[in-house]
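User: I would like a close look at one part of this model, the place where two chains meet.

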Amino acid sequence: MSTLVISNARIIDPASNTDHAGAVLVRDGKIEGVAAGAPAGVPEDAEVVDARGLIAAPGLIDMRVFTGEPGHEYRETLATASEAAAAGGVTSFVLMPDTTPVVDDGAIVDFIIRRAAATANVNVLPAAALTRGLRGEEITEYGLLREAGAAYLTDGRGSIQSAGLMRAAMSYAANFDMVIAHNTADASLVADGVMNDGELATISGLRGIPLEAETIPLARDLQLAALTGVRYHAAQISTAGSATLVAAAKQKSQRLSAGLSINNLALNENDVSPYRTFFKLSPPLRSEDDRQAMIEALRSGAIDVIHSAHDPQDSEVKRQPFAEASEGAIGLETLLAAALRLVHSGDVPLMTVLRAMTHRPAEVLGLTSGRLAAGAPADIILIDPDYPWVVAEKDIRSRSRNTAFEGAKLQGAVMETFVAGRSVFRHADRRGDK
Amino acid sequence: MTNPAGTGRPFPHRNLLGISQLNQFEIAEFLDRAEAMIPVSRQQRKSLPTLSGKTQINLFYEPSTRTQASFEIAGKRLGAQVTNMSVKTSSVTKGETLIDTAATLNAMQPDVIIVRHPASGAVELLSQKVGCAVINAGDGSHEHPTQALLDALTIRQHKGRLAGLTVAICGDIANSRVARSNLLLLGAMQVRTRVIAPRTLLPKGIERLATEVFTDMREGLKGADVVMMLRLQHERAAGRLIPSVREYYRFYGLDAEKLALAKPDAIVMHPGPMNRGVEIDPAIADGPRSVITEQVEMGVAVRMAVLDALLADPSQVAA
């Protein structure tokens with residue numbers, strides 16, 4: 001029996017809309033209770049952590065993370081990703097199935113769960129492929145994958161082109177009440193596009209990806225989701241049109257949710273110029289108007305979840321001419337601070353931002369974490385919302401360095417991270433006992 | 001020997017990556033320097049020793065007979081030692097990365113590398129990794145600055161000026177680096193620019209680069225001083241961006257009837273290589289209003305001027 005008390009904290013729990021001074025009592029890795037003010041009935045042998053006024057919030061749940069394990073360990077392992085996650089306040093992340101081999105078999109789901117238990121210090125939830133080999137042709141064994149512990153079904157970077165196949169996948173997933181998270185990208189409209197379609201792409205001589213490449217398959221998916229009754233998560237929307245589609249579909253169904261990459265919330269297409277491949281992302285960074293629409297959709301609830309879209313890529317594939325470079329940026333370590341930009345600018349309330357990274361993803365995934373309530377896992381982070389820092393390559397814990405925030409001045413940092421009541425990260429500037 | 005083009009003032013850029021980096025005064029100076037280079041190529045002894053002892057590497061990732069030869073001749077007429085490197089690439093077998101190639105070449109201590117690459121921005125990327133001057137000989141659909149300079153020089157030779165003219169650029173605007181560099185250059189020199197193409201070949205936002213946008217070639221040619229035709233990659237476009245070559249030629253090919261709508265003294269240009277019967281009637285291409293071979297001659301003068309501006313030792317010029 002081990003007991004931990006995090007005292008003298010500003011408790012913020014989006015699940016219960018709580019924001020007050022208090023303490024969290026933890027016993028054997030689970031939250032036993034949350035007290036307003038000073039905690040009562042603390043056992044004498046309890047370990048007491050003085051939060052010194054920091055925010056205590058549920059650990060973040062990141063629904064979209066790529067690593068290189070298995071198959072590309074030189075980019076990222078589960079261990080290095082989990083160190084980055086812990087430093088970023090992410091206590092659980094969903095691992096995308098785009099590995100080598102692809103996570104399209106129960107045995108590989110099992111392997112990742114065991115491997116993570118052995119090497120990672122945060123919770124790793126493997127997602128399983130929607131189709132075999134992510135080829136978009138045949139559905140995988142959803143029932144067996146669920147039994148093995150798959151968090152949800154997705155083709156990761158890929159996008160199902162066939163409406164008929166998507167209908168079958170949704171019907172069959174609904175059978176097992178599994179969530180399908182889908183990145184909508186019409187391959188024939190994306191074609192050889194590499195950035196947002198528009199004046200900037202034209203001036204740069206780069207081929208554009210039109211907004212409709214995202215909205216057309218999304219409209220298809222939302223209709224098929226209504227037809228099949230599947231729990232559907234629009235994995236990463238980036239356009240005003242997509243937000244409108246999701247908001248309208250949500251009027252008729254409770255089984256829909258939408259995710260948003262922090263990159264599409266914090267950056268826009270102007271960041272790409274001139275040919276900065278660390279800003280080559282999927283979906284591409286859109287116009288400032290679309291970014292503003294994402295902020296509004298987050299405020300209104302059309303968008304449920306903010307994720308990091310953490311995607312480690314080595315310099316060999318990034319230091320290329322723009323059209324030939326790989327897509328993706330790392331983001332676990334900067335997720336919270338980048339999101340706090342919107343809080344500091346007054347665009348989005350702190351509670352809304354935290355909810356989109358804690359309670360809402362937990363609800364979508366059916367997890368008991370993501371809240372500060374009795375019985376929940378003691379995945380807790382202490383945040384200094386004003387801590388100023390500059391993103392520097394040398395400080396990055398991830399094995400790859402492709403951050404879209406290099407040199408960015410950010411405000412707000414995680415000072416300590418607990419997973420199941422155990423401290424897995426402590427900031428160098430965290431003051432206090434110990 | 002004195003340098004006919006030299007002003008004795010060092011050019012304020014190390015590289016020529018695009019027209020977008022130049023202001024109108026720098027463009028005008030390039031054109032003046034190039035004009036002064038024309039006689040060098042026309043005289044018996046076609047040489048000027050301003051680049052003697054310098055090493056020039058032509059690094060071409062795309063085949064280009066005329067541009068590569070033009071840069072080679074320009075370099076040699078200025079006394080440089082020129083090495084040609086043609087790199088065959090395919091998306092399947094890429095081999096060494098561009099940056100590795102840059103580091104390798106840089107170690108050989110060249111004074112200038114002239115690069116053509118199929119990817120937009122590739123020349124700028126390479127320029128960040130080498131210690132010598134870099135000249136963009138065409139990157140993807142982005143820029144081809146020496147082509148725009150030689151086009152402007154050709155126009156100026158014929159019309160005596162640039163400002164106030166109307167230049168119609170017709171064809172595959174979406175995929176053309178020639179169009180982008182020309183629009184930037186002509187725009188900076190107060191030329192009215194028109195682009196003419198079917199909507200499938202017009203990129204989004206082009207109205208911000210051109211003065212006017214036309215989908216009807218007849219309308220677009222009315223009153224034009226210069227008609228600049230672009231090469232259509234018809235093998236790639238047919239069936240997707242245009243239905244057929246014959247339909248394209250019917251509506252966007254330059255023939256005598258359409259050319260009659262331009263000013264009576266309008267000149268016809270083409271960056272080459274031409275597809276006769278696809279974008280241009282052979283009779284026009286080889287006719288009296290065509291200045292296409294003259295563009296090639298101006299190309300050597302412009303490239304000599306650019307090499308000279310970037311490389312010539314100012315102390316020697318002054319001497």
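How much area is buried between chain B and chain A, and what share of that area do carbon and sulfur atoms give?

Analyst: This is a predicted model, in which local features need pLDDT of at least 70 and side-chain atom pairs count only at pLDDT 80 or more, while totals for chains, interfaces and linings use all residues. Residues are numbered from 1 along each chain as its sequence is written, chains are lettered from A and ligands numbered from 1 in the order in which they are written, and side-chain values use heavy atoms, with hydrogens and water left out.

About 1700 Å² is buried between chain B and chain A, and carbon and sulfur atoms give 53% of it. Buried area here is the accessible area (1.4 Å probe) that two parts lose on being put together, summed over both. Contact (heavy atoms within 4.5 Å) joins 24 residues of chain B to 17 residues of chain A.

Between chain B and chain A the count is 1 salt bridge, a term for a side-chain nitrogen of Lys or Arg within 4 Å of a carboxyl oxygen of Asp or Glu. B:Arg208 and A:Glu199 form a salt bridge through their side chains, at 2.9 Å from N to O. On the chain B side that touches chain A, helix H3 (98–107) and helix H4 (122–127) of chain B each supply at least two residues; helices are DSSP runs of H or I, at least four residues, numbered from the N terminus. H4(B) gives the most to that side, with 3 residues. By class, the side of chain B that touches chain A holds 8 nonpolar, 8 polar and 8 charged residues, where Ala, Val, Leu, Ile, Met, Phe, Trp, Tyr, Cys and Pro count as nonpolar, Asp, Glu, Lys and Arg as charged, and the others, Gly among them, as polar.
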